[in-house]
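Here are my notes for your first read-through. Keep the model open as you go.

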Amino acid sequence: MTDTMNTPPETPATPAIPEVLDHWRAGAPWTGTSTRTAPVYDPAVGRIRRHVRMATAGDVDAVVADAADAARRWRDTSVARRQAVMFRFRELLNARTDELAEILTAEHGKVLGDARGEIARGIEVVEFACGLGHLTKGAYTENASTGIDVYTLRQPLGVVGIISPFNFPAMVPLWFFSLAIAAGNAVVLKPSEKDPSAANWLAALFREAGLPEGVLNVVHGDKEAVDALLTHDDVAAISFVGSTPIARHVYETATAHGKRVQAFGGAKNHMLVLPDADLDLVADAAVNAGFGSAGERCMAVSVVLAVESVADDLVARIATRMATLRTGDGRRGCDMGPLITAAHRDRVSASIETARDDGADIVVDGREVSPDGDPNGFFLGPTLLDRVPLTSSAYRDEIFGPVLAVVRVAGYTHGVDIINASPYGNGTAIFTNDGGAARRFQHEVGVGMIGVNVPIPVPVAYHSFGGWKASHFGDAKAYGTHGIDFFTAEKAVTSRWLDPSHGGLDLGFPQHS
């Protein structure tokens, strides 16, 4: 057997990211036809870091055409060759994690430790994708009927579109394109225009690993580029992570154009604390899960449901721990960095005032923080609200910032009822030392990912990630076996090879024997 694409051309080291970030087409930067650009900020200093080009629908057409051509060749590349490229990509990514982490911190604002953690969770899926030979193999039944064998094949879809969010500019693309590419597809990635540089860096690194040109492409842009992907005839599938309203738009638009879709939306994740829980463990978990990445993650704990008998003690412990957090520039060893933009910082700040107006107690007010960083940075300190009414928008809406709300409940049943009444169903957790209560919780709660004494229950790569209700549109979850199923199409082949001694005609059904 020979590979049709087994000798990648020599490629230089990953290029430095320029002041105006171009698209990535056919293995190299590409300007496109649009003259529009958007600013990319360093949120820790509040200044423009560079600009990014914004694609037109015509630019998307050109990139998809290249991807479609590459997909036809890449699908015919042997599994062994594809696997070798995946392993090499994993090696390069491990070796250069710090370089990518610096890009994430400079454009998103998360602290360097959090950025490295994001990359590590992405690498888990790359490693899972390295087992593509096992993951994509079919099944075989010999002699299903007399002389007839039946077997299944898993084949790539062609071109897939990935639309990734600003909060995890490396991890989410790695979750999706690792499996898509390993399975033999070509990818067009549309990252957030707020922090787009990681996408180009990853594409260049994959090229360095030997990925043929055109298999991974990056188009930058806004709604025009997104809609062009959602409606393009040559795009077979869409993977999306973002807010619920946009996830619904992506799902409805893309499915109306005949595509398979996995669209992950927003969340309002609850943590139920029973009276027998270790309150020190709970307080640590609430702070870590509520304020990591400045609360800008769909798996953040944003609501603590505290049984009334332990609520005062728990709130005090959380507040004590919050006082030790240092908010500032993520490159200075701080615990929490800025928010992504000034506009988002202001929206989160407004939600704190709304909570006060609705009757909540502000225990710790992040608007009063003195950050360790440039005063022009988009900083907001960790905030703790107590006695938040369920009628308040500060409870109902996804704030997507460092705001932790405590809602007091009468007991287990009251807490579960509140969780199940939420329109979201992404993640939840219970903290208790009662195994029976934990088992009952995981059975009764209507949420897709559940933690038992674990505050952020993101599954490992060989399971699958995804919520319920308004947190997830589509049938397939991310990565794991769901990811392989999503990025491949199954064929069933029924085969009969006649014995040389066979002769005559028989128009009836085959007979079992």
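1. First, a term: helices are DSSP runs of H or I with at least four residues, numbered from the N terminus. Remember too that this model is predicted. Gly210 follows helix H7. The phi of Gly210 is positive, near 110 degrees.

2. Now look around H7. Buried here means under 20% relative accessible area. By that cut-off, 11 of the 12 residues of H7 are buried, so the rest of the structure largely encloses the helix. Among the buried residues are Trp201, Leu205, Phe206 and Arg207.

3. Turn to the sheet. Seven strands make an open sheet with mixed pairing, in the order S15-S16-S17-S14-S13-S19-S20. Strands S15 (361-364) and S20 (449-452) are at the edges; each has a single partner strand, so one side of each lacks a neighbour in the sheet. On average, neighbouring strands are turned by 20 degrees against each other, direction ignored.

4. S15 pairs with S16 (residues 383-386) in the antiparallel sense, over three bridges. Val364 stands opposite Leu384 in S16.

5. Which helices pack on this sheet? Helix H10 (residues 279-291) does, touching S13, S14, S16, S17 and S19. The direction of H10 makes about 175 degrees with that of S13. Helix H15 (residues 435-444) also packs on the sheet, touching S13, S19 and S20. The direction of H15 makes about 165 degrees with that of S19.

Technical notes. Residues are numbered from 1 along each chain as its sequence is written. This is a predicted model: local features need pLDDT of at least 70, side-chain atom pairs count only at pLDDT 80 or more; totals for chains, interfaces and linings use all residues. Side-chain values use heavy atoms; hydrogens and water are left out. Buried means under 20% relative accessible area, exposed over 50%, partly exposed in between (1.4 Å probe, protein chains only). Helices (H or I, at least four residues) and strands (E, at least two) are DSSP runs, numbered from the N terminus. Two strands pair if DSSP finds at least two bridges between them. Axes are lines fitted to C-alpha atoms, for helices over the stretch in contact, and angles run from 0 to 180 degrees between N-to-C directions. Contact means heavy atoms within 4.5 Å.
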